[in-house]
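Morning, everyone. I have one structure to walk through, and I will keep it brief. Please bring it up on your screens.

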Amino acid sequence: MSGTKGTVRAVSSNGEYSFTKPNRDSITLLPGLGVAGDVHAGVTVKHRSRVAQDPTQPNLRQVHLIHGELFAEVAGQGFEVAPGQLGENVTTEGIDLLGLPTGTLLHIGAEAVVEVTGLRNPCLQIDGFQNGLLKQVVGRDADGTIVRKAGIMSVVREGGEIRPGDPITAELPAGPHRPLERV
């Protein structure tokens with residue numbers, strides 16, 4: 001599989017509910033919780049819509065990763081997006097995040113490991129950020145299947161500090177690969 005290695009372009013976190021997340025010099029991943037100090041860290045769901053449905057659901061969205069190549073793609077349609085502005089914790093380069101199977105382990109930097117749980121299901125807040133952007137990150141393919149391009153979600157398996165420039169290596173799961181679904 002191509003695109004199983006990449007680099008961290010930016011890291012972002014926010015201790016308050018806000019659509020965007022400020023870039024940081026580094027973030028610390030905490031096993032089973034997420035990004036230290038980030039509003040979405042925790043064992044159970046932290047996204048407001050999920051909490052409203054069932055606050056006891058496991059948090060499969062501890063760390064949000066977006067491929068930085070998406071920003072160039074939407075720029076071609078007139079949208080200007082920078083790392084952290086779509087609420088992601090880790091902006092990557094060179095790794096095909098959307099092509100990874102569920103259960104892939106991403107080794108980031110010297111110690112951190114996250115397990116890919118699924119696709120981000122972007123919401124209308126994206127249009128609140130920039131009107132029309134939602135249609136750029138969620139669309140349909142030729143068969144009419146929904147295509148989500150707003151990144152992937154993961155849970156922290158091994159903690160550690162990560163910074164821009166850190167390497168990312170994907171360790172694919174054994175057995176038949178399950179394509180990513182929204183989480």
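Let me start with a side chain: is H67 buried or exposed? Keep in mind that this is a predicted model. H67 is buried, because its relative accessible area is 10%, and the cut-off for buried is under 20%.

Where does H67 sit? It is found in strand β5. Leave aside residues up to four places away in sequence, and H67 touches T92, I95, L97, L98 and K149.

Now follow β5 to its partner. Strand β5 covers residues 63–67 and runs antiparallel to β11. Three bridges join the two strands.

Next, β11 itself. This strand spans residues 152–158. How many of its seven residues are buried? Five of them are, so the strand is mostly covered, given that buried means under 20% relative accessible area.

β11 also pairs with β8, residues 112–119. That pairing is antiparallel too, over six bridges. Here the bridge partner of V116 is S154.

Last, the annotation. The UniProt record, an unreviewed entry, places "domain: MOSC" on residues 21–171. In the model, that span is 15% helix and 33% strand. Its end C-alpha atoms lie 28 Å apart.

That is my tour. Over to you.

Terms used. Residues are numbered from 1 along each chain as its sequence is written. This is a predicted model: local features need pLDDT of at least 70, side-chain atom pairs count only at pLDDT 80 or more; totals for chains, interfaces and linings use all residues. Side-chain values use heavy atoms; hydrogens and water are left out. Buried means under 20% relative accessible area, exposed over 50%, partly exposed in between (1.4 Å probe, protein chains only). Helices (H or I, at least four residues) and strands (E, at least two) are DSSP runs, numbered from the N terminus. Two strands pair if DSSP finds at least two bridges between them. UniProt positions are given in the numbering used here, feature names are shortened, and annotations may be inferred rather than shown by experiment. Contact means heavy atoms within 4.5 Å.
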